[in-house]
Amino acid sequence: MRGVILWPTMSPVAPPSAFPEAELPTPLTEFVGREDDIAAVAELLANSRLLTLTGAGGSGKTRLALEVARRARAADSRLEVAWIELAGVTDPTDLVPQVAIALGVRAEGGGSALRAITAVLQERDVLLVLDNCEHLVDACASFVERVLQAAPRVRALATSREALGVGGERSWLVPTLVLPAADCADVATAMEASAVRLFVERARDVSPSFALTEKNVVPVVAVCRRLDGLPLALELAAARVGVLTPAQLAERLGDRLSALGSGARAAPPRQRTLRGAVEWSYGLLDESERRLLARLSVFVGGFSLEAAEAVCGFGAVPTSQVLEVLAQLAAKSLVTMQETDGLARYRLLEMIREYAVERLAESDDGATLRERQALQFRDRLTVLAPDVILARRAALQEIDLEHGNILAALAWSAAEGRGDDVGLPMVWALQWYWYHRQRWREGFAMSEAALASAKAPAPGPRAAALHGLGVFGLFQMHPRSNEWLAEADALWVTAGDERWRAFTLLVRVVSASVAGDVDAAERYATQMLQLAERQPDPWDAALAKAHAMAPVLNWRGDWARSLQMLEEAIAAFRARDYPTGVSYALDAQAFVALQLGDLDRAADLAVQSLRNEWDNENRWLAGRNLRLLANIAERRGEFRHAALLFAITQVWYTQVGASSLSGDRKAVNELPSRLEARLSPSDLAAVRAEAAAYTCMDAMTLAMRGAHVPAAATRPVTSAVAFAEAQPARHSGAQAGVAVEGLSVRALGRIDIRRDGLPLDDTAFSYAKPRELLLYLLAHPEGRTRDQVGLDFWPEASPAQVKNNFHVTLHHLRKALGDGGWVRFQKGRYLVSGDALDFDVATFRATVVDALRTLKRSPDDANALARLEAAVALYAGPFAAEAALGDWHVAVRDELARLYESALLALGEAASVDGRHADAALWFRRVLATDPLHEEAVRLLLLSLARDERRSEAVRAYDRYTQDLADGLSARPTPALQRLMAEIRAGERV
């Protein structure tokens, strides 16, 4: 049986079964997907004598078991396979006789049928498959236990909606098929998901001309996701494409149980409709299980045990019994459980929830349940609110998980006129969540609905809803925003809540800035700072300085005070572990540097801001960074890059429902008109089309790599303050430059060469070879002889030609640099050196090598890790990207790429050791961005994502790697990686 895990493809003709009545069924359709699942099941079966495949009705247990059994028999000629179908057996006492008939066994002389079965199986290599055991669990458990004890060479594979409960049994939950992302609109990407592949294949069985196209991919993705990737549901849905388009099918799936009717006539009745599949499971439940299942349907998108106990624990199913009954439902595959941060979280598949909603409507529990749910989440949000204001990750993620339940509670509150005691308190607690998560349209709509459903709201709750209308209306440029904010401001005074009044004043600062009323903005900012400084938490004053005072000072041209305010805010934000505030303040400092003409400093600060917010994928804040970097790129003459960054922000702002909120950023937002003067309409249209495809992480990576941040240590903020103090006060900046002495060469990514701060373009070098010689000598700091240069630059030339070519090229290089002293001749070698030389490759190489050496001795050396991270930030792309250089540069490029990958792996492994699995995943993703087939990076990424409870992301990453491997090398992942993926899919701890 060990050979099972090394199954080849099936032989064309399978050996005949020794049990003709228990022959394997012949499938009428091709098996689609699940290769990883087959490998996982095969390995489990090879190492255990009883394996039970569990899962909800329609999850594909039977078909997976059949495929496993077929491949096992094809791989091992000695193996006999017996398929026992139990769906038609209704009486447990008929189980053994049914098996005896299937195996062709007769009890002699009225003896025991079980004894006759074990006698036949005792000395044979048999895989006994028991299909559909859930209604005969006890009988199947007793039978299998007796057979395995008496017949040591028999292995059993069972399918059931719950495990049999036999000693030594291994159970494996059959997962639903892999789903595409909700926003997937690309045909090739969608077809990577096994759910889509199954739908398409079954649709072709009905309509041979059916194909996934750009026109139907979105509704097909919607269908697959709404059906939870459940194979039976997908097959029933695909059967409808003969009479409905995918778009029409998606529209009709509001009632899945009725929309997906009869399937194949040859299928068992319970598998012809979704309703039949669910009713089969429901009929096997006892009364308390049925009651709790109906009650759990009140939850949308999942629930915790605590929420289930608080909401559903009353009457016939008291709180003390909820856990026990919930466990029974999970064991019977009607409730799925997923571990998140060490805690269990549950959900119903949508078709089961839809059926349970119908059962709930037949009971008297509905009204009580919905009120209990609303009160439960209102009270929980009130507890979370202080951490939500500070963007604490755990609090935001908890609300993310409960988002569907919270919206259901708010909808119930609005419908029942419970705005005073439920809707408004919830809206108050959610204000900062909506801001941090950029759910601005939702925040506006929910604030409006809660306010409308309130009968006599108190000043505080009413002010909170008006604050929400004002802030989220302002993001969308609603004409009544100022009116709502003014009323909220007055109500906070009445309520005596100075802290929330300060928050509202902050929004009034932004509103006045947008309107160009600097005096009003300054008045509100001053009032906010005064109120904030009276709060016990320094965070409040930092918020006032960064978000209110600094923008006003920028309007006044008081750059030095603005930078000082921002620096004080950064210190306070870091002390309170508030990365969003740090990112905002860094971005604001970058804006000041841009106004003062310090492009390098502005780029450095903008990249720091992006990196600080890397995990949060805050599109609004990242958009501010990208707009700044777009302005920097435009001033450097990189017009297409600038247009792409700006277009990406336009896409993002549309998605989150925000205007640009120009205010103090008038100069930044004038960029489009400048780009229109530089690029043709067709170029701009192409850029906009390209921008729509960028994810937040991809765009952030693009922006950071194109930022050209100087390799030398960035100047501290105090020097920027001193620089600002030397500038005359002004409203918006003349672009003053900063004199930088020396030679600066950037060759990681695009080449950028500067002498005394001024760029040396191609014309400065007369022709390409002098610039290439500079890079060549810099890449070999030990120096090169003339003969070595000749072999790399002019390999076919004679010695005389090499001598002439070299000295002409050297002459032009020295002329371009303006100082012959940069290129020196020492001990027979030419080299580039000087005290004021700044070469990013040298800095990167030396820092990475030294830091890795240190980490090898002391893996937790914080200083070495910090230096390594700083070095990684220098790597803006492959050596001399996009430059036409000789073959010599390939070795340099590959060496630097290897160092970059080693640095990223080291940083990721250090983060993983510290338990920072989200950070680790980001480092490993960056390895794969440069080398998608880096197996070690894939393995570490999968581990990090699984340990961060992001198993669905791990599945997508593995599937993408598998496809890349197949496309690039016609290979499959190693067995070790396949085993790891199987453990992750099964929900095991890794």
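1. Salt bridges. The whole structure, a predicted model, contains 56 salt bridges, a salt bridge being a side-chain nitrogen of Lys or Arg within 4 Å of a carboxyl oxygen of Asp or Glu. Side chains of opposite charge can pair when their charged atoms come close. Three of these pairs are described in the points that follow.

2. Conventions. Residues are numbered from 1 along each chain as its sequence is written, and side-chain values use heavy atoms, with hydrogens and water left out. Because the model is predicted, local features need pLDDT of at least 70 and side-chain atom pairs count only at pLDDT 80 or more, whereas totals for chains, interfaces and linings use all residues.

3. Arg 972 with Asp 36. The closest N and O atoms of this salt bridge are 3.8 Å apart. The pair links distant parts of the chain, 936 residues apart: Arg 972 sits in the loop between helix H45 (951-969) and helix H46 (975-985), and Asp 36 belongs to helix H1 (residues 35-46). Helices (H or I, at least four residues) and strands (E, at least two) are DSSP runs, numbered from the N terminus. Arg 972 is partly exposed, with a relative accessible area of 45%, while Asp 36 is buried at 11%; buried means under 20% relative accessible area, exposed over 50%, and partly exposed in between (1.4 Å probe, protein chains only).

4. Arg 345 with Glu 402. These two side chains form a salt bridge with an N to O distance of 2.8 Å. Here too distant parts of the chain are linked, 57 residues apart, with Arg 345 in strand S8 (residues 343-347) and Glu 402 in the loop between helix H18 (393-401) and helix H19 (403-416). Arg 345 is buried, its relative accessible area being 12%, and Glu 402 is buried as well, at 7%.

5. Glu 953 with Arg 950. The closest N and O atoms in this salt bridge are 3.1 Å apart. Glu 953 is partly exposed, with a relative accessible area of 22%; Arg 950 is likewise partly exposed, at 22%. Through salt bridges that share partners, Arg 393, Arg 925, Asp 948, Arg 950 and Glu 953 are joined into one network.

6. Helices H27 and H28. Two packed helices are described by the angle between their axes and the distance between the axes. H27 packs against helix H28 (residues 579-595) at an angle of about 160°, with the axes 9 Å apart; axes are lines fitted to C-alpha atoms, for helices over the stretch in contact, and angles run from 0 to 180 degrees between N-to-C directions. H27 is therefore roughly antiparallel to H28, since angles under 35 degrees count as roughly parallel, over 145 as roughly antiparallel, 65 to 115 as roughly perpendicular and the rest as oblique. The crossing of H27 and H28 is left-handed, meaning that the near helix is turned anticlockwise from the far one by less than a right angle. The residues of the contact comprise 10 nonpolar, 4 polar and 2 charged. In this classification Ala, Val, Leu, Ile, Met, Phe, Trp, Tyr, Cys and Pro count as nonpolar, Asp, Glu, Lys and Arg as charged, and the others, Gly among them, as polar.

7. Ser 562. This residue lies in helix H27 (residues 559-575) and is one of the H27 residues that meet H28. Ser 562 counts as buried, at 0% relative accessibility. Leaving aside residues up to four places away in sequence, Ser 562 touches Ala 550, Leu 553, Asn 554 and Val 592; contact means heavy atoms within 4.5 Å.

8. Helices H29 and H30. Helix H29 (residues 599-612) packs against helix H30 (residues 619-635) at about 155°, with their axes 10 Å apart. H29 and H30 are therefore roughly antiparallel to each other, and H29 passes H30 in a left-handed crossing. Among the contact residues are Leu 599, Ala 602 and Ala 603 of H29, and Ala 622, Asn 625 and Arg 635 of H30. The contact of H29 with H30 divides into 9 nonpolar, 2 polar and 1 charged.

9. Ala 906. Located in helix H42 (residues 888-913), Ala 906 is buried, with a relative accessible area of 16%. Apart from residues up to four places away in sequence, Ala 906 touches Leu 852, Leu 855 and Leu 868. The C-alpha atoms of Ala 906 and Leu 855, which are 51 residues apart along the chain, are separated by 8.4 Å.

10. Overall chain. The protein chain has 46 helices and 14 strands. Of its 990 residues, 54% count as buried. Among contacts with a separation of 6 or more, residues 24 or more positions apart account for 71%.
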